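Please examine the model before turning to the solutions.

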Amino acid sequence: MGNKFLEGNFAPVSREHTITDLAVTGRIPDFLDGRYLRNGPNPLSEVDPAAYHWFMGDGMVHGVRLRDGKAEWYRNRWVRNPAVAAALAGEDPSRFCGLDALGANTNVIGHAGKTLALVEAGAPIYELTEELGTVGRCDFDGTLPGGYTAHPKRDPRTGELHAVSYFFGMGNKVQYSVIDVHGRARRTVDVEVTGSPMMHDFSLTEDHVVFYDLPVTFHAGSAVAASVPGALRTPAKLVVSAMVGKVRVPDPMTAMMTRKIGANGGLPYRWNPKYPARIGVMPREGGSGDVRWFEVEPCYVFHPLNAYDDGDSVVLDVVRHPKMFDTELHGPDEGGPTLDRWTVDLTAGKVLEERLDDRGQEFPRVDERLVGRRHRYGYAMSADGGANPGGSLFKHDFRTGRRQERAFGAGRQPGEFVFVPSREDAAEDDGVLLGFVFDPATQRSDLTILDAGTLDTVAAIHLPDRVPHGFHGNWVAS
């Protein structure tokens, strides 16, 4: 049985590289002093195509170090959780199971002097060295045990990281947290939701935290099928279904269900048409009882572009999928994702849903200095179906309604691009965009640098191998 999330440039690479002699076309801007890092799934061991879900692959971080107009190195490294470390050492990794075997494969950030490889759903996150070696698990100096999220947001005013974390064992709760500039949790709030949703991301404004409680939920049948003998599956499923999303799941049962939900397997979350679609708005210093909930049309949102307060309203620019993990159970591919604007009227108690762009797109980004504040520009990768890369990068001007498109041509496939300003106080559009572009003709990727204003190529750093289609990355300045 074929699995397109193991084919073409979704297929894993088999080598770790350390390359210090990189060919460059064009000129790397002198103001770029730091590392461009990107994370994604890259199964190390042989996988079953019938079972494999793209979100479950072992994590691999790719990085390029830029300084003084030069590309000093390219490295790619598996994130060495216990199972990956054992496999790379030639040992049997099967003794490691459950959350300890899941790859930190979704995002990579810099915070409080550390480089962190991130994942969600209760799995551990890992600290990396400057050169992408694995230091070990990170729990923010013991202040936030139990997993984190793939999508924290840095408040540009305070430098703190805000996040919403989920895990099926938490019952009908998700956790909002704030990590201070020293890398320790200073605030956590458990927020009650409808059940046990996959809450991949959230939104932050100057005054509010926004929760996306949408109908992709933990699927007890998938978990039980992976971890319970056949004769016991029906009663076990009934027990698990009665608990998950209602009360905290006892640790022994959590351990049982996660034992075989390991890396490179299936994802135990599915589309749930019985689950209400809604968004919650909470004051930043509020608690669960202060959340106001608003219904929206059934859909799924992996990634908001940005959000901001506008008088008595909260404006949310999001990439909206019509549904998710209903018929396609190997990765996101349930219809074209569109760029929508949801305006939450806090006075009238309703949400205005508008379509901004009906062309397929994903991995939206904004100037990180404007997180939670009104933005003019946003950027997104063209996407066919779900997360299948198209051949273009979109730039949206929300003031004029204009959209620019940069096509890379000849079958080339861009991933997510991130904005880096030319200086700390530069205008919103004054800087560059960084992202990997795969060329099927050469089976290699370039780190491509675009002028953010014109979308013209400034420079391309040619890598010795391809970077498989993955998830998220960031610029980590020196």
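**Exercise 1.** Which residues does His-151 touch, not counting residues up to four places away in sequence?

*Solution.* The model is a predicted one. Step 1: locate the residue; His-151 is found in the loop between S9 and strand S10 (153-154). Step 2: list its contacts, which are Asn-107, His-162, His-200, Asp-201, Phe-202, His-303 and His-472, with residues up to four places away in sequence not counted. Step 3: inspect the side chains; that of His-151 makes a polar contact with the side chain of His-200 at 3.0 Å.

**Exercise 2.** Classify His-151 and His-303 as buried or exposed.

*Solution.* Step 1: the cut-off for buried is under 20% relative accessible area. Step 2: His-151 has 8% and is therefore buried. Step 3: His-303 has 6%, so this residue is buried as well.

**Exercise 3.** Relate the UniProt annotation to the spatial arrangement.

*Solution.* Step 1: the unreviewed UniProt entry lists His-151, His-200, His-303 and His-472 under "binding site". Step 2: these residues are spread over 322 residues of sequence, yet they cluster in space, with a largest C-alpha distance of 12.6 Å. Step 3: from this set, His-200, His-303 and His-472 belong to the lining of the largest cavity. Step 4: the side chains of His-303 and His-200 are joined by a polar contact of 3.1 Å.

**Exercise 4.** Describe how S8 and S9 pair.

*Solution.* Step 1: strand S8 (residues 125-128) and strand S9 (residues 134-138) pair in the antiparallel sense over four bridges. Step 2: Ile-125 has Cys-138 in S9 as its bridge partner. Step 3: the two strands form a hairpin with five residues between them, and Leu-132 in the turn has a positive phi of about 80°.

Methods
Residues are numbered from 1 along each chain as its sequence is written. This is a predicted model: local features need pLDDT of at least 70, side-chain atom pairs count only at pLDDT 80 or more; totals for chains, interfaces and linings use all residues. Side-chain values use heavy atoms; hydrogens and water are left out. Two strands pair if DSSP finds at least two bridges between them. UniProt positions are given in the numbering used here, feature names are shortened, and annotations may be inferred rather than shown by experiment. On a 1 Å grid over the protein atoms alone, a cavity is a set of points where a 1.4 Å probe fits but cannot get out, and a pocket is an open set with protein on both sides within 12 Å along at least five of seven lines; lining residues have an atom within 4 Å of a point. Buried means under 20% relative accessible area, exposed over 50%, partly exposed in between (1.4 Å probe, protein chains only). Contact means heavy atoms within 4.5 Å. A polar contact is a pair of N or O atoms within 3.5 Å; within protein, one must be able to donate a hydrogen and the other to accept it, and residues adjacent in sequence count only if both atoms are side-chain atoms.
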